[in-house]
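Let's take a walk through this one, with an eye on the backbone. Have the viewer open and follow along.

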Amino acid sequence: MPIGSTDLLQGTLQILILKALLAESTHGYGIARWIEHTTGDILRVEEGSLYPALRRLEDKGYVTSAWGLSENNRRARYYSLTAAGRRYLREEALAWSRFSGAMTRVMRAAPALT
Amino acid sequence: MKGWHRYLRFFGANVEADVQDEVRFHLEMRIRDYESLGMTRTEAERAAAERFGDRSSVEAQLTRHDASRAKSAGRRQWFDRMRSDARLALRGFRRTPGFFVTAVIILGTGIGASVAMFAVFRTVLVKKLPVRDQDRIVVMWTYRTPGSDYAPDPHLLAPFRRSSRTLSEFAGVAHWGAATSPFTIGDRTFAMKQGMVTANFFDVLGARPLLGSFFHREDEEAAFAPLGVDGSVPRRKIVLAYDAWRKRLGGDSSIVGKHVLDPTTKWTYTIAGVAPPGLAYPSGVDFWLPMRGGWTATTSVFVVGRLAAGATVAGARAEYVTFTELADPAYKITGAHAATFTDTVVGDVRPVLGILTAAVALLLLIACLNVGNLLLFRASGRTREFAVRRALGAQFGDIARQLLVESALLAVAGGSLGLLVATALIRNVGLIAPHNLPRLDEVRLASAPLVPAVGITTLTVLVFGVLPTLLIARGNVASPLRLSARTGQDSRGRRLVRQTLVASQVALALVMLAGAALLARSLGRLQGDDIGFDRQHVLAVSFTPDWARDTTAQLLTQVAQRMQRRLASIPGVIASTPLVVPPMVGTGVWQVRFTKPGQSNDQAASNATTSGDVIGPGYFRTFGIPIARGRTFTYADDRSAPLVMIVNESFARLYWPNQNAIGKQLRMASARETDVVGGNGWRTIVGIARDAHLRVLRESTPIAYLPVGQGFWQGYFALRATESPAALTAMLHAALSDVAPTTQLYDVRSMDDVLAPSLAEPRLGAMLMTSFGVVALLLAAIGLYGVMASLVRDQTREIGIRIALGASVGRVRADVLGRAGIVAGVGAIAGLGGALATSRVLSSLLFQVSPSDPLSLGGACLVLLLVGGLAAYVPARRATRVDPVQALRAE
């Protein structure tokens with residue numbers, strides 16, 4: 001069952017976007033598709049909220065955008081990761097793996113759930 | 001580089017459309033994907049919209065965000081672009097410092113000179129005087145012939161004060177203007193110019209004292225009485241002019257109440273107050289004295305009156321003339337001078353200031369043409385640069401903007417330098433300006449010229465920024481690239497424009513040079529022999545006689561004669577003479593009216609008044625004035641001998657036209673023996689002297705000379721001496737202690753010093769005009785050089801081919817010079833025409849020089865063509881140095 005975007009923490013969405021852009025520069029839909037594919041559609045983003053998040057990232061200097069041509073020759077706005085965005089993503093990824101490791105340990109701790 | 005970078009949008013992006021595009025793209029992609037999963041179009045659309053969320057709210061949010069970002073980005077971009085343009089321009093200037101420095105200097109000189117001149121012009125001509133309603137004050141005097149005043153006394157005018165309908169009130173100013181006399185303050189003695197006015201003078205003007213107070217009615221009485229009834233010394237008052245107070249007396253604010261002493265009369269005056277700056281009427285006055293006797297005085301006065309409501313200057317003049325005619329028909333006046341106070345105070349400097357201002361405007365125009373030409377030259381050298389940039393995608397606007405930034409930088413630099421130049425000029429204007437230029441001490445940079453400076457700078461920016469841009473824009477972008485490797489070809493049309501600009505500069509420079517030459521020639525005549533006497537080695541000496549001891553004319557003349565005999569024994573003194581009227585005092589003082597035999601008093605009253613002087617035997621030798629007929633005076637012409645006189649040629653023509661004046665007789669009907677030795681006795685004319693410009697520099701006046709033994713003396717001497725004034729002073733002191741120990745030496749001045757005030761204005765005019773002319777000539781030469789240099793540069797290949805084909809070096813050079821000659825010649829002809837057409841405005845300033853004086857105009861032409869030839873010779877020489885092999889290989 002997919003997790004609704006309302007449940008998705010703000011910071012989590014940003015990390016998803018940055019991670020998507022780490023793979024390649026792409027448009028908003030490309031980011032949505034990447035998240036969909038990568039998470040097996042479990043983290044279902046309300047796609048409209050991607051764009052304000054992208055603007056916020058752009059304002060912080062983690063992402064830049066420019067108009068270009070899409071794979072089907074349509075005019076589309078392409079986003080790419082900046083060096084600062086890459087640094088930020090690295091820090092956040094570290095925090096995440098610590099957090100998720102801690103959570104995993106919590107879940108594995110006795111008594112086990114049945 | 002990825003393909004989509006070509007689609008980078010700069011500014012002017014439509015934010016809202018972009019946001020909608022982005023969202024629509026997203027939705028369409030999602031719909032396409034859903035359709036490929038097998039949904040129908042409608043299902044896919046609904047699912048995509050649902051998955052996207054609140055589309056309109058997202059779009060609104062994004063549009064708001066992007067719009068505000070675009071705005072700040074646009075601003076940042078504009079600054080960035082300006083900065084980079086400015087950097088680019090500065091780099092360009094650093095690469096060609098010669099161009100930059102030349103342009104800035106040209107602009108700075110032009111702007112600086114015009115701003116400074118404007119400040120002088122505005123202060124002297126336009127600025128407010130420290131009086132109430134200055135244009136409602138009228139200054140009038142009656143005359144028989146215009147230029148020679150002939151005004152009634154206050155006692156005649158007193159009834160007019162009550163009856164006048166055109167003047168609400170008026171004051172009298174003694175007709176001699178500002179007369180110099182010695183004054184002692186503390187232990188220092190100065191020559192100060194005094195003006196005598198009725199006590200209500202300052203009230204009529206509506207002036208307020210800077211310190212102390214002005215005159216009251218009783219001051220007129222005090223000035224009149226030698227001693228009070230009880231034997232006490234009356235309180236005689238003076239009011240100091242601002243300039244005299246500041247410069248002569250150090251601006252001492254505790255000066256009110258202090259005393260000054262007139263060493264000739266031994267009278268003491270109390271300083272009542274100090275007048276505000278800018279009020280120095282009559283012109284150049286150092287202090288004012290109340291009219292002795294006020295409205296009962298018998299001194300000719302000018303009227304300074306306040307116009308009644310509704311009255312005009314012309315109306316006041318008519319009433320004044322009518323009144324004077326009725327009051328005393330014997331005056332036989334023919335008219336009256338009448339002008340507002342403003343016009344009177346600034347009147348006589350207006351022509352010279354106007355012409356200098358026109359000269360500055362011309363100079364500025366030449367500077368503008370020159371910088372424009374420089375910029376054109378630079379622009380043509382960059383045609384290729386711009387063509388390449390445009391081919392690489394730079395917009396026309398980008399290039400135009402860069403040119404504008406360059407011009408703005410130039411204009412700012414030129415304007416700043418101009419302000420510096422103007423400040424320096426204004427600070428030093430006192431050093432070069434004529435002494436009699438009124439209100440010169442008030443000239444300040446702050447008094448307005450900032451506005452024209454900004455205007456001129458802006459104009460320069462526009463003209464120089466836009467003109468080359470337009471010319472570039474006209475050029476076909478591709479054509480310069482097709483032209484082999486040659487850079488910076490002047491197009492034929494552009495060269496014509498530049499040559500026209502240079503020709504105009506040459507023409508304007510010639511107009512200025514011709515004006516300068518005319519003024520210089522006129523000054524030369526004023527300074528040379530054309531004034532009728534030889535000023536070289538002549539000294540003006542003034543003594544302070546012992547008035548207490550030598551109380552009569554006879555005693556005084558005896559001192560003068562002893563002195564002259566003693567001076568003759570001083571080595572280095574070639575000739576000497578006592579005299580009464582020092583040179584250049586004007587025609588207002590020492591005017592005498594003579595009676596011819598058989599004339600009644602009434603008939604004699606219509607005789608002209610003429611200048612009179614009392615002189616010693618050495619007078620004509622001292623001044624180098626030839627005797628035309630008859631004899632000069634000798635020591636024998638004294639009290640016991642028959643009364644004689646000498647007149648000059650103008651006098652003889654005036655009294656006895658077409659007759660021999662020798663042997664004719666005249667007398668001064670009202671003269672008393674105590675005032676003039678010989679009194680009113682008949683005096684026989686024994687000699688006729690040549691005319692000389694003794695009273696005023698620009699003309700000779702009729703003069704009658706009496707011998708000192710049959711006249712009087714009050715302290716003046718003139719000496720022709722080979723020694724300097726300093727060296728003579730000691731000898732004069734020694735001579736004094738021998739023959740008149742109680743007489744004091746007051747002042748020794750060279751004739752050059754005496755003439756300096758009269759010459760100051762023509763000197764200023766000639767000097768400024770000459771410097772303007774030289775600058776203009778230089779600028780025109782720079783322009784000519786620039787055009788010729790670029791011509792040679794452009795034709796390097798042709799010249800190379802010609803030389804390779806055997807053309808002689810001389811031929812090539814002559815060819816370049818010939819082209820320069822055409823440009824300069826066309827300019828010179830136009831300039832000559834302009835000079836002939838405009839030099840007439842100079843005629844009021846010229847002395848014995850015609851406005852179309854061929855020597856001045858021809859000389860100006862010659863100088864211009866010589867300098868032009870020099871400017872063209874350098875590039876012509878360079879043309880002959882062209883190495884044909886290299887010239888062809890360079891292609």
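In chain A of this predicted model, residues 24 or more positions apart make up 56% of the contacts that have a separation of 6 or more. The chain has 114 residues, and 28% of them count as buried. As for secondary structure, chain A has four helices and three strands, and going along the sequence they come in the pattern α-β-α-α-β-β-α.

Chain A gives us a cis bond to look at: it runs from A:Ala110 to A:Pro111, with omega near -5°. To find it, go to the segment after α4 (83–108) of chain A, where A:Pro111 sits.

Over in chain B, the thing to check is phi. B:Asp133 isn't a glycine, yet its phi is positive, near 50°. You'll find B:Asp133 in the loop between α4 (97–126) and β1 (137–145) of chain B. Is B:Asp133 buried or exposed? It has 11 other C-beta atoms within 10 Å, and since exposed means 12 or fewer, it counts as exposed.

B:His537 is another non-glycine with a positive phi, this time about 65°. Look for B:His537 in the loop between α17 (492–527) and β13 (538–544) of chain B.

Note on methods. Residues numbered from 1 in each chain as written. Chains lettered and ligands numbered in written order. Predicted model: local features only at pLDDT ≥ 70, side-chain atom pairs only at ≥ 80, totals over all residues. Helix = DSSP H or I, 4+ residues; strand = E, 2+ residues; numbered from the N terminus. Buried ≥ 20, exposed ≤ 12 C-beta atoms within 10 Å, placed from the backbone. Contact = placed C-beta atoms within 7 Å.
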